[in-house]
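Hello,

Here is the structure I promised to pass on to you.

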Amino acid sequence: MTSQSQGIHQLLHAEKRAKDKLEEAKKRKEKRLKQAKEEAMAEIDQYRMQKEKEFRLTQSKVMGSQSNLSEEIEEQTQGKIKELSGSYNKYMESVLKQLLNIVCDVKPEIHVNYRATN
């Protein structure tokens, strides 16, 4: 009986050691998963910061070129306005003279479709 109780005691002791090892392995696994999650989050944050930096750089290039384009378009528009104003001032007098001559110098003549009725 003693050998049986001793055997049972050894089995219980072995079972307890196995249970402790399992719990220890679970704790190590949980710890490792938590550590892996933290590492992944750090890596994700680093990647996000890198992509945001690249985005800001690209955005500043595009926005910078857009502001240059708007300035360039504004300059072209002002140049065109000056050109058209100069052209207007240059030809205004002669166009008005031509228009007044056409309106004031009336030459009465019979229309081509007029038929004399007798």
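Glu71, Glu72, Glu74 and Glu75 come together as a patch of negative charge on the surface of this predicted model. One of them, Glu72, sits in helix H1. Is Glu72 buried, partly exposed or exposed? Its relative accessibility is 43%, and because buried means under 20% and exposed means over 50%, a residue between those limits is called partly exposed. Glu72 therefore counts as partly exposed.

Next come the pairs. Side chains of opposite charge can pair when their charged atoms come close. How many salt bridges does the structure hold? There are five, and I will take you through some of them here.

- Asp45 and Arg48 form a salt bridge, with 3.3 Å between the closest N and O atoms. About one helical turn separates Asp45 and Arg48, because they are three residues apart in helix H1, which covers residues 2-104. Asp45 is partly exposed, at 36% relative accessibility, and Arg48 is partly exposed as well, at 45%.
- Glu52 and Arg56 form a salt bridge too, and here the closest N and O atoms are 3.5 Å apart. Both residues belong to helix H1, where they are four residues apart, or about one turn of the helix. Glu52 has a relative accessibility of 37%, so Glu52 counts as partly exposed.
- Arg32 pairs with Glu39 in a salt bridge whose closest N and O atoms are 3.9 Å apart. That pair still qualifies, because the cut-off for a salt bridge is within 4 Å. Arg32 is partly exposed, with a relative accessible area of 45%, and Glu39 is partly exposed at 42%.

Now for a patch of another kind. Which residues make the nonpolar surface patch? They are Leu96, Leu99, Ile102 and Val103, and the patch has an area of about 410 Å². Leu96 is placed in helix H1. With a relative accessible area of 43%, Leu96 is partly exposed.

Finally, step back and look at the whole chain. It has one helix and zero strands. A compact globule of 118 residues would have a radius of gyration near 13 Å, but this chain has 49 Å. Along the principal axes, the C-alpha atoms fill a box of roughly 160 × 45 × 10 Å. What share of the 118 residues is buried? The answer is 0%. The accessible surface of the chain is about 12,200 Å², and carbon and sulfur atoms account for 58% of that surface.

Enjoy exploring, and write back with any questions.

Best wishes

Key:
Residues numbered from 1 in each chain as written. Predicted model: local features only at pLDDT ≥ 70, side-chain atom pairs only at ≥ 80, totals over all residues. Heavy atoms only, no water. Salt bridge = Lys/Arg side-chain N within 4 Å of Asp/Glu carboxyl O. Buried < 20%, exposed > 50% of the residue type's maximum accessible area, 1.4 Å probe, protein only. Helix = DSSP H or I, 4+ residues; strand = E, 2+ residues; numbered from the N terminus. Patch = residues over 30% accessible without salt bridge, like charges linked within 9 Å, V, L, I, M, F, W, Y side chains within 5 Å. Areas by Shrake-Rupley, 256 points an atom, 1.4 Å probe, with all protein chains shown as cover. Rg over C-alpha atoms; globule rule 2.2 N^0.38 Å. Lys, Arg positive; Asp, Glu negative; His and termini not counted. Charge placed at Lys NZ, Arg CZ, Asp CG, Glu CD.
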